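Please look over the sequence and the model shown here before reading the report.

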Amino acid sequence: MITMDHLERLENKSIHIMREAYNQFKNLGMLWSIGKDSTVLLWLARKAFFGHVPFPLVHIDTGYKIPEMIEHRDRLAKEWNLDMVYGQNRTALNEKQTFPDGTTTHLDCCKLLKTQALENTLNGKWPRYRMNHKKSQYEIDSNNEAFEGIIVGVRADEEGSRSKERYFSPRNTHNDWIIEDQPPEFWNQYKTDFHPGTHIRVHPLLDWTELDIWEYIERENIPMVSLYFDKGEGKRYRSLGCWPCTKPVDSHAANVHQIIAELKTGKFVNIAERDGRAQDKEDGGGLEVLRRDGYM
Ligand code: SF4
């Protein structure tokens with residue numbers, strides 16, 4: 001008798017959800033933040049579709065991402081021949097309406113550089129930049145069709161508001177999330193038919209934990225940004241974001257195996273995974289305030 005282990009069960013369910021999404025939504029994309037969760041999602045997409053991801057990878061580039069993240073994005077995009085697209089709020093950056101410029105709060109900066117950029121990248125109202133693999137550079141995308149569905153690598157255990165998500169979660173025309181009005185998903189039955197114009201977020205990683213993610217990365221040998229690993233200073237990033245707002249944690253874990261061992265000690269059991277992200281702490285409402293308005 002063939003039995004599946006825990007990671008195989010998670011992998012199977014995530015692949016099933018991704019294939020279902022590809023089958024149901026005409027213009028489907030996948031958000032890739034370059035972090036560990038969405039890179040696992042990308043790996044699963046390659047497995048689900050036999051090596052070739054059949055939809056664009058979308059990155060929202062705030063302009064403040066740690067440079068190594070952008071290098072990692074473009075290296076894998078080339079190696080894996082990904083249809084790579086990014087969007088950005090260039091007006092806010094040019095006009096210096098940002099927290100690092102000292103002109104806005106964290107929350108307002110995130111709304112401008114993340115939420116607004118995401119909404120207008122997904123609906124095609126702002127320019128999108130697509131990788132031209134022949135020239136090895138980004139060009140303005142001539143296709144400005146809206147994405148009907150977007151696959152996102154959020155996990156329920158990562159942060160309180162994310163535990164309220166569904167696998168197939170509708171957003172209204174402004175990308176707003178009405179938490180109180182979501183379809184039930186009993187016994188793995190997913191509602192995938194929505195009113196025309198509804199934008200759907202698809203969450204294949206909802207059941208994965210931080211430890212599952214790292215054990216899967218080790219099992220599959222998935223390439224990760226080296227920012228996750230200590231390089232001799234006793235510090236590493238547990239969660240990646242914009243450099244002005246993301247702090248590393250104290251840790252000597254220098255590789256995936258050591259991260260898994262460290263997580264198993266329970267060292268971080270009372271410290272939220274996104275504890276190093278300054279914007280989550282502002283406003284008292286935490287990430288839920290941003291996520292209701294469309295943030296990832
Ligand atoms: S994380 Fe910081 S720099 Fe990035 S968008 Fe939010 S406030 Fe701005």
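Predicted model: local features only at pLDDT ≥ 70, side-chain atom pairs only at ≥ 80, totals over all residues.

Residues are numbered from 1 along each chain as its sequence is written.

The ligand is surrounded by 15 residues, and the closest are C109, C110, L113, C242 and C245; a residue is near a molecule if its C-beta atom, placed from the backbone, lies within 6 Å of it. Sorted by class, this shell holds nine nonpolar, five polar and one charged residues, where Ala, Val, Leu, Ile, Met, Phe, Trp, Tyr, Cys and Pro count as nonpolar, Asp, Glu, Lys and Arg as charged, and the others, Gly among them, as polar. At least three residues of the shell come from each of domain 1 (6–208 + 281–292) and domain 2 (210–279), with bounds taken from an automatic or database domain assignment.

I66 sits in the loop between β2 (57–60) and α3 (67–79); helices (H or I, at least four residues) and strands (E, at least two) are DSSP runs, numbered from the N terminus. Leaving aside residues up to four places away in sequence, I66 touches L227, L240 and W243, contact being defined by C-beta atoms, placed from the backbone, that lie within 7 Å. The C-alpha atoms of I66 and T246 are separated by 9.6 Å, although the two residues are 180 residues apart along the chain.

The axes of helix α1 (residues 6–24) and helix α2 (residues 36–48) come within 9 Å and cross at roughly 75 degrees; axes are lines fitted to C-alpha atoms, for helices over the stretch in contact, and angles run from 0 to 180 degrees between N-to-C directions. The two helices α1 and α2 are therefore roughly perpendicular to each other, a term for angles of 65 to 115 degrees. The residues of this contact between α1 and α2 divide into five nonpolar, one polar and three charged.

Most residues other than glycine have a negative phi. I34, in the loop between β1 (28–31) and α2, has a positive phi near 80 degrees, and K96, in the loop between α4 (90–94) and α5 (106–122), has a positive phi near 55 degrees.

The table compares burial, counted from C-beta atoms placed from the backbone: a residue is buried with 20 or more others within 10 Å of its own, exposed with 12 or fewer, and partly exposed in between.

| Residue | Burial | Other C-beta atoms within 10 Å |
|---|---|---|
| I34 | buried | 23 atoms within 10 Å |

Technical notes:
Contact = placed C-beta atoms within 7 Å. Parallel < 35°, antiparallel > 145°, perpendicular 65-115°, else oblique.
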